[in-house]
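Thanks for making the time, everyone.

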Amino acid sequence: MPAWVHAVLPMRFSRGGTVYLLLGPRNGGRRYLSEDLGVLARLGSAVAEHVEQLRSVQLQNLVSQAELKALQAQINPHFLFNSLNTLYGTIDRANTEARRLVLNLADVYRYLLRAERTLVEVEEELHIVRAYLEIEELRLGSKLQTQIDVDPAALHVSIPLLSIQPLVENAVKHGVASRMGAGFVHLKISAAGEAVSVEISNSGEWDRSQSGRGIGLANVRRRLELCYGAEARFEIRDANGVTTVAFMLPVAIAHAPMGALSPLGA
């Protein structure tokens, strides 16, 4: 603790940990009395409450914007799903790839339109990641190579809706689809202590200066900040021809039996 600090005021947030305000000496060198500390504590609580309210408003604005965009894009979801069901029924049973594609499209659209939910379990988000990757594998063929490694202890951790799929989509778009040759996407999710970490690596180094390359990244980063405050870590690394987008969230984890990472193929 610096020598000039005469009092410490903790401001605790429901998400984002605790911030400490360090106070120097009072005018005239007077000491902080218990009454002064009581006033400061009430002030700290008021500031923390105001910050929490501001975060809540910002998060709700993001949800509203996302819902509006979904409404603009969906026009009529029932018509969309009925059309997909009709299309599924017209495909020959022997054409399993085409039938699987229609089912995956329905799963992805249904998931994207669930704007009323803020948090989902990792296992649920992984389901839609796999459905999305199957669609892309059908489109890109052997050009796209995927690997998913998940710590079983992380499967039932709650995370913000659509915090992984947009990052995987970015990796496919900029690290594989835009390449002349084959490329890879590797998703790794691990749990340790009271945190869960997510890493998405892909072949190639992104040119993030180009328009549109960072929209999905910025959206996920901002939502993580609003949900978890300063305790959410988000970073992008480019090294040796590989780009990695990673984030870590402070969450309570119900540990599964000890064991190595289990590869769950996409």
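I will call a residue buried when its relative accessible area is under 20%, exposed when it is over 50%, and partly exposed in between, with a 1.4 Å probe and protein chains only. Please keep in mind that this is a predicted model, in which local features need pLDDT of at least 70 and side-chain atom pairs count only at pLDDT 80 or more, while totals for chains, interfaces and linings use all residues. Residues are numbered from 1 along each chain as its sequence is written, and side-chain values use heavy atoms, with hydrogens and water left out.

With that in place, take Asn-240, which is exposed, with a relative accessible area of 79%. Asn-240 has a positive phi of about 55° although it is not a glycine, and it lies in the loop between β8 (233-239) and β9; helices here (H or I, at least four residues) and strands (E, at least two) are DSSP runs, numbered from the N terminus. As background, most residues other than glycine have a negative phi. Leu-162 also has a positive phi, of about 60°, without being a glycine, and its place is the loop between β5 (158-160) and α5, but Leu-162 counts as buried, at 16% relative accessibility.

What about α5 itself? Ten of its 13 residues are buried, so α5 is largely enclosed by the rest of the structure; among the buried ones are Leu-167, Val-168 and Val-172.

Now to the interior, where a nonpolar core means a set of buried Ala, Val, Leu, Ile, Met, Phe, Trp, Tyr and Cys residues joined through side-chain atoms within 4.5 Å. The largest such core has 41 residues, and those with the most contacts inside it are Ile-164, Val-168, Leu-187, Ile-189 and Leu-249. Elements giving two or more residues to this core include α4 (122-140), α5 (165-177), β6 (183-192) and β9 (242-250). A second, separate core of eight residues includes Val-108, Tyr-111, Ala-131 and Ile-135.

Finally, the strands, where two of them pair if DSSP finds at least two bridges between them. Strands β4 and β6 run parallel and are joined by seven bridges, with Lys-188 in β6 as the bridge partner of Asp-149. Strands β6 and β7, by contrast, run antiparallel, joined by eight bridges, and Ile-189 has Val-198 in β7 as its bridge partner. In the hairpin of β6 and β7, which has two residues between the strands, Gly-193 takes a positive phi near 60°.
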